[in-house]
Structure formats: structure tokens, C-alpha cells
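Please look through the sequence and the structure below before reading on. The report then takes up a few of the features one by one.

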Amino acid sequence: MSGPRTPAEDSTNDVVRWAAFSCVLVPVVLLWYGTSFAGATGTALGLAAVTAVCRLLLRQSERGATRLRQEELHGPSPRRRGRHHRTGTGAHRGGRHTGGNTPVG
């Protein structure tokens with residue numbers, strides 16, 4: 001990554017660093033208090049998996065927040081317009097229809 005970092009990125013990195021530190025510290029403490037090596041290893045692997053998933057979710061959330069901020073400043077990008085980002089007015093297909101020749105079946 002280049003350029004200045006946002007406070008959100010810094011706080012995310014801090015959370016990930018503390019989680020990584022815990023992934024090391026917790027098994028050491030468990031071993032100190034007499035837990036089996038297999039139990040401490042399993043705990044370390046579980047904590048590492050949870051940390052990885054949380055990191056992915058935090059990064060995804062940051063990207064979504066950045067995208068929202070950009071859309072607020074500059075409007076939606078043309079490539080993002082799809083089913084839910086139509087512009088203009090006009091007849092919408094698939095809505096309710098009143099009256100007309102509805103066959104009864």
C-alpha cells in the first residue's frame with residue numbers, strides 16, 4: 001500500500017496485530033498452566049483461523065466504506081449501474097398491473 005493511511009486502516013492493523021499476538025500468547029499461557037501440547041496447538045490454530053476471517057471481513061468493510069464515500073462525493077460510477085442503479089424515469093416492468101384483460105384460469 002502506498003500513500004497516507006486512514007485512521008480506519010490503522011485501527012484495523014492494530015486489531016490484527018493484537019489478534020496475532022494473542023494467537024501466540026494464549027497457547028504459551030495454556031502450556032504454562034499444564035495444558036497438553038496438542039490442546040495448545042489446536043487453540044492456536046483456531047485463534048489463527050478466527051483472526052484470518054475477521055481480517056478478511058474488516059478489509060471488506062473498509063472497501064465498502066471507501067466505495068460509499070466515493071459515491072457520495074462523485075456519484076455512482078457508470079459500471080456499477082445495474083438492476084438497482086437505474087437512472088431516469090420510465091415504465092418499470094414486472095410491477096403490479098391494474099385492470100386490463102387478465103385471463104382467469
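## A residue and its partners

Leaving aside its neighbours within four places in sequence, which residues is R59 in contact with? In this predicted model, R59 is in contact with T12 and N13 once those sequence neighbours are set aside. With N13 there is also a polar contact, in which the two side chains are joined at 2.8 Å.

R59 itself lies in helix 2, which covers residues 37–74. Its relative accessibility is 17%, and because buried means under 20%, R59 counts as buried.

## Helix 2 and what follows

R59 belongs to a group of buried residues in helix 2, together with A40, T51 and E62. Just after helix 2 comes G75, which takes a positive phi of about 85°.

## Helix 1 and the annotated region

Helix 1 covers residues 7–32, and V29 is found within it. With a relative accessibility of 38%, V29 counts as partly exposed, whereas A40 of helix 2 is buried. Although V29 and A40 are eleven residues apart along the chain, their C-alpha atoms are separated by 8.8 Å.

An unreviewed UniProt entry carries the annotation "transmembrane region" for residues 15–33. In the model, the chain over residues 15–33 is 95% helix and 0% strand, with end C-alpha atoms 26 Å apart.

Note on methods:
Residues numbered from 1 in each chain as written. Predicted model: local features only at pLDDT ≥ 70, side-chain atom pairs only at ≥ 80, totals over all residues. Heavy atoms only, no water. Helix = DSSP H or I, 4+ residues; strand = E, 2+ residues; numbered from the N terminus. Buried < 20%, exposed > 50% of the residue type's maximum accessible area, 1.4 Å probe, protein only. Polar contact = N/O pair within 3.5 Å; in protein donor to acceptor, adjacent residues only side chain to side chain. Contact = heavy atoms within 4.5 Å. UniProt positions renumbered as here; feature names shortened; annotations may be inferred.
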